[in-house]
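Here is a short note for a colleague who is opening this entry for the first time. Please keep the sequence and the model side by side while reading.

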Amino acid sequence: MPTDEQVRQSVKNLDLKGPSRKVLTHASFQRIHGLVPTPTADAEWARLMKDLSLCLADLVEDDYLILSHKQENYYVQFAAQGQFGMRAEAASNTYIDPEEARLTPDDYVTMAELGWRIPTGTIQEPGRQVLDLTGHLPRIFTENPDTVPDVDGSPNFFVNAANPVDFAVLSELTVRTFREVYRVGHPGMLQYRAFNRNDVQIRFPTLRLKRKET
């Protein structure tokens, strides 16, 4: 049996081990209260990327899914087109208000680098179409324009994914757009709405996002 002096020395040595003492205290606290460390924002974005790809794969022709910011008018939306693949669009300055929330010329460049096509609601013929990044806000102009409808264009950024659709690529594009361009810090700042052509609502609880009420 240890003497009283040996016990006192052992306690003193334990007190000197600061880091070990903190680890034991933290572990004991978690065990007693049943707490689990909160996942980091990076971990939550990674999980959303995986979950979103599965939800996109569940969409059938004429189903729609929209992920949007809860406060600003930032969004990425998907339209399932059956054998024709899937259309994805992301908000451009045409739909972003107020002005201070709008994208900068650098943001437009980043969107193009990510793989989005630059917004255009029209094809300008026969002139050459140019993206002007010299001003405060980006704009598209055409030399000697002759405007005709562009059935494949959009006032939003857009991507047409051919069948078979790589849903993982679309999911990664969405997450990077929210993080790198719209500067959304955490998936908890997003909400979703999903519906079909008859406006029947579709639920995706596995997204773990708030469902926007219509």
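1. Ground rules. This is a predicted model, in which local features need pLDDT of at least 70, side-chain atom pairs count only at pLDDT 80 or more, and totals for chains, interfaces and linings use all residues. Residues are numbered from 1 along each chain as its sequence is written, and side-chain values use heavy atoms, with hydrogens and water left out.

2. Overall make-up. The protein has five helices and ten strands. These are DSSP runs numbered from the N terminus: helices are H or I with at least four residues, strands are E with at least two. Of the 214 residues, 36% are buried. Buried means under 20% relative accessible area, exposed over 50%, and partly exposed in between (1.4 Å probe, protein chains only).

3. Surface and contacts. The accessible surface is about 13400 Å², and 53% of that belongs to carbon and sulfur atoms. Areas come from the Shrake-Rupley method with a 1.4 Å probe. Take the contacts between residues at least 6 apart in sequence: 60% of them join residues at least 24 apart. Contact means heavy atoms within 4.5 Å.

4. α3 against α5. Helix α3 (residues 41-58) packs on α5 at about 140 degrees, and the axes are 8 Å apart. That angle makes α3 oblique to α5. Angles under 35 degrees count as roughly parallel, over 145 as roughly antiparallel, 65 to 115 as roughly perpendicular, and the rest as oblique. Axes are lines fitted to C-alpha atoms, for helices over the stretch in contact, with angles from 0 to 180 degrees between N-to-C directions. W45, L48 and L52 are among the α3 residues in the contact, while α5 brings residues including F167, L170 and F178. By class, the contact has eleven nonpolar, three polar and four charged residues. Ala, Val, Leu, Ile, Met, Phe, Trp, Tyr, Cys and Pro count as nonpolar; Asp, Glu, Lys and Arg as charged; the others, Gly among them, as polar.

5. α4 against α5. The axes of α4 (residues 105-114) and α5 (residues 167-181) come within 11 Å and cross at roughly 160 degrees. So α4 is roughly antiparallel to α5. D107, T110, M111 and L114 of α4 meet L173, R176, T177, E180 and V181 of α5. This set divides into four nonpolar, two polar and three charged residues. Within α4, P105, D107, Y108, M111 and L114 are buried. G115 follows the helix, with a positive phi near 125 degrees.

6. A41 is found in helix α3. A41 counts as partly exposed because its relative accessibility is 27%. Leaving out residues up to four places away in sequence, A41 touches G185 and H186. A41 and G185 are 144 residues apart along the chain, yet their C-alpha atoms are separated by 7.3 Å.

7. Backbone points to check. Most residues other than glycine have a negative phi, and most peptide bonds are trans. A cis peptide bond joins D97 and P98, with omega about 0 degrees. P98 sits in the loop between β3 and α4. Another cis bond joins N163 and P164, again with omega about 0 degrees. P164 lies in the loop between β8 (157-161) and α5. D199 has a positive phi near 65 degrees, and R208 has one near 60 degrees. The loop between β9 (190-196) and β10 (210-211) holds D199, and R208 lies in the loop between β9 and β10.
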